Amino acid sequence: MDVQLVCGEARAVVRPGDGLVVTTFTIGSRTIIYPDGLIESNGRKKRRGGIPILFPQAGAVSDPPAGFLLAQHGFARDKAWETVQVSGDARRAEFRLSSSAETHAIFPFDFEVRVTI
């Protein structure tokens with residue numbers, strides 16, 4: 001379920017179930033960011049646009065150890081995030097992503113990432 005945040009004329013739509021991407025940011029009738037969408041790249045659908053969370057790294061890993069399988073931009077933008085709390089005035093929301101058996105397969109560390117938008 002999308003989370004809508006509003007402050008004055010500013011409005012953001014966040015999609016926690018699909019990588020915690022900010023899909024829309026507008027001020028009044030003016031669109032500030034490119035809308036979220038998918039493109040075909042190397043035979044795979046990839047997200048283009050919006051504001052994603054890049055974790056555990058933004059760029060490519062230089063000289064990765066054997067078995068280290070992280071793609072550029074990490075994996076957080078491809079995972080479902082938990083909505084922890086949305087403020088009563090809908091001005092901010094907190095989200096969480098935690099390690100799991102699935103993330104341990106490509107990133108062998110325990111973690112908990114919290115993001116407030």
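Me: Which residue's side chain does aspartate 2 meet in a salt bridge?

Reply: Arginine 15, with N to O at 3.1 Å. A salt bridge here is a side-chain nitrogen of Lys or Arg within 4 Å of a carboxyl oxygen of Asp or Glu. Just so you know, this is a predicted model, where local features need pLDDT of at least 70, side-chain atom pairs count only at pLDDT 80 or more, and totals for chains, interfaces and linings use all residues. Residues are numbered from 1 along each chain as its sequence is written, and side-chain values use heavy atoms, with hydrogens and water left out.

Me: Thanks! What parts does that pair tie together?

Reply: Aspartate 2 lies in the segment before β1 and arginine 15 in strand β2, so the pair links parts 13 residues apart in sequence. Strands (E, at least two residues) and helices (H or I, at least four) are DSSP runs, numbered from the N terminus.

Me: Is aspartate 2 buried, partly exposed or exposed? And what about arginine 15?

Reply: Aspartate 2 is partly exposed at 34% relative accessibility, and arginine 15 is partly exposed at 28%. The classes are buried under 20% relative accessible area, exposed over 50%, and partly exposed in between (1.4 Å probe, protein chains only).

Me: How many salt bridges does a search of the whole structure find?

Reply: Six. One of them joins the side chains of arginine 96 and glutamate 82, N to O at 2.8 Å. Arginine 96 lies in strand β8 and glutamate 82 in strand β7 (residues 82-86), so this pair ties together parts that are 14 residues apart in sequence.

Me: Is arginine 96 buried or exposed?

Reply: Buried, at 18% relative accessibility.

Me: What else is arginine 96 in contact with?

Reply: Leaving aside neighbours within four places in sequence, arginine 96 is in contact with Trp81, Glu82, Val84, Glu112, Val113 and Arg114. Contact means heavy atoms within 4.5 Å.

Me: Switching to the nonpolar side. Which residues touch the most other members of the largest nonpolar core?

Reply: Val14, Trp81, Phe95 and Phe111, out of 19 residues in that core. At least two core residues come from each of β1 (3-7), β2 (10-15), β8 (93-98) and β9 (112-116), and β8 gives the most, with three. A nonpolar core is a set of buried Ala, Val, Leu, Ile, Met, Phe, Trp, Tyr and Cys residues joined through side-chain atoms within 4.5 Å.

Me: What does valine 14 contact?

Reply: Apart from neighbours within four places in sequence, valine 14 is in contact with Asp2, Val3, Leu5, Leu20, Val21, Val22, Phe95 and Ile117.

Me: And aromatics: how many pairs are there?

Reply: Seven aromatic pairs turn up in a search of the whole structure. In one of them, the rings of phenylalanine 107 and phenylalanine 109 have centres 5.0 Å apart and planes at 65°, so the pair is edge-to-face. Rings of Phe, Tyr and Trp (its six-membered ring) pair if their centres lie within 6.5 Å; planes under 30 degrees apart are stacked, over 60 edge-to-face and the rest tilted. Phenylalanine 107 is buried at 11% relative accessible area, whereas phenylalanine 109 is partly exposed at 43%.

Me: How many bridges do β1 and β2 pair over?

Reply: Five, in the antiparallel sense, and glutamine 4 has valine 13 in β2 as its bridge partner. Their hairpin has two residues between the strands, and glycine 8 takes a positive phi near 60° there.

Me: And how many for β3 with β4?

Reply: Strand β3 (residues 21-27) pairs with β4 over two bridges, also antiparallel. The bridge partner of isoleucine 27 in β4 is arginine 30.

Conventions: Pairing = 2+ DSSP bridges.
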